[in-house]
Amino acid sequence: SISKSPLISHRRDSIYTLMQHFLDANPRIQGVAVGYEKGVIKGHEDGFAPYVMRTDDGYICRDVAEIKDYQSAEWFTEARKTGKSHWTKPFIESNGKTVITAYTTPLTDISGKTYAVLALDLNLNVMADSLQSLRPYPSAMLTVIDQDGMFVAHPDSSFIMKETLESAIAKTNYAPNLSILDDIKAGKRGNDSYYTKDDKVYVYYAPVAKTGWTITLEVPRSEIASGYDKMFKAMLFDMIVGILL
């Protein structure tokens with residue numbers, strides 16, 4: 001359905017405008033690019049890859065072909081080779097701060113021949129912030145780990161694309177439960193626990209379909225228990241009041 005979208009146009013003078021309209025309609029998408037095969041666009045026999053990126057001040061429009069060889073980049077080659085949509089490995093944008101992952105899909109003509117690859121960029125920093133708002137407890141921690149074990153979402157931004165699950169474990173001062181690490185590496189869903197110096201921590205983990213990522217939730221036992229303690233005290237108070245009445 002994407003291949004038939006009005007977003008795709010072979011007219012250079014209109015494609016940047018269409019891309020901006022597309023981003024206006026999809027605020028969660030950071031940028032959009034179309035990498036054309038060589039010879040598809042008249043006057044650009046060596047390739048043409050228009051790209052529009054959202055910024056705080058508006059949009060940046062550029063032809064990626066003028067900057068680098070996009071036809072050897074993963075987002076282009078993987079979709080063209082497999083003929084299927086896929087998610088790229090997360091990477092840090094040129095500003096050195098924004099972490100991006102791209103969803104790419106090949107665009108084909110009526111004969112089934114690929115003439116371009118469409119890439120949609122998602123801002124993982126925004127995703128990381130959104131995840132923390134879903135925490136069931138104030139001290140709970142939600143993270144997302146990519147297929148290489150690298151953190152792509154973490155409440156501590158210094159971990160994102162700089163620390164792996166293994167490196168984070170190596171820096172702790174307690175004995176971790178390595179069976180959790182083995183399950184995550186194997187892409188399994190499950191739950192387990194480990195002990196810190198002061199508390200027991202429950203861990204829930206599950207793979208994210210089609211990305212090779214894993215989402216984890218860590219909750220200290222003390223915080224879960226505090227909820228039960230409050231409920232018990234409330235029930236005890238009600239019972240005493242009832243007896244007195």
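Q: Hi! Is Thr101 buried or exposed?
A: Thr101 is buried, because its relative accessibility is 1%; buried means under 20% relative accessible area, exposed over 50% and partly exposed in between, with a 1.4 Å probe and protein chains only. This is a predicted model, where local features need pLDDT of at least 70, side-chain atom pairs count only at pLDDT 80 or more, and totals for chains, interfaces and linings use all residues. Residues are numbered from 1 along each chain as its sequence is written, and side-chain values use heavy atoms, leaving out hydrogens and water.

Q: Which strand is Thr101 in?
A: Thr101 sits in strand S6, residues 99–108. Helices (H or I, at least four residues) and strands (E, at least two) are DSSP runs, numbered from the N terminus.

Q: And what does its side chain reach?
A: The backbone oxygen of Thr88, at 2.9 Å. Not counting residues up to four places away in sequence, Thr101 touches several residues, including Trp87, Pro90, Leu120 and Trp213; contact means heavy atoms within 4.5 Å.

Q: Switching topic: how many residues has the largest nonpolar core?
A: That core has 16 residues, and Val32, Val34 and Tyr36 have the most contacts inside it. Helix H1 (12–25), strand S1 (29–36) and strand S7 (114–123) each supply at least two of its residues. A nonpolar core is a set of buried Ala, Val, Leu, Ile, Met, Phe, Trp, Tyr and Cys residues joined through side-chain atoms within 4.5 Å.

Q: What about helix H5, which residues are buried there?
A: In H5 (residues 178–185) they are Ile180, Leu181 and Ile184. These buried residues line one face of the helix, because they fall within an arc of 100° seen down the axis of H5; the arc is that of the directions from the helix axis to the C-beta atoms.

Q: What do they pack against?
A: Helix H4 (165–170) and strands S10 (190–195), S11 (200–208) and S12 (213–220).

Q: Now the rings: how many aromatic pairs are there?
A: Seven. Tyr70 and Trp75 are a stacked pair, because their ring centres are 6.3 Å apart and their planes are at 25°. Tyr70 also pairs edge-to-face with Phe76, at 5.4 Å centre to centre and 85° between the planes. Rings of Phe, Tyr and Trp (its six-membered ring) pair if their centres lie within 6.5 Å; planes under 30 degrees apart count as stacked, over 60 as edge-to-face and the rest as tilted.

Q: Is Phe76 buried or exposed?
A: Phe76 is buried, at 0% relative accessibility.

Definitions and conventions: Polar contact = N/O pair within 3.5 Å; in protein donor to acceptor, adjacent residues only side chain to side chain.
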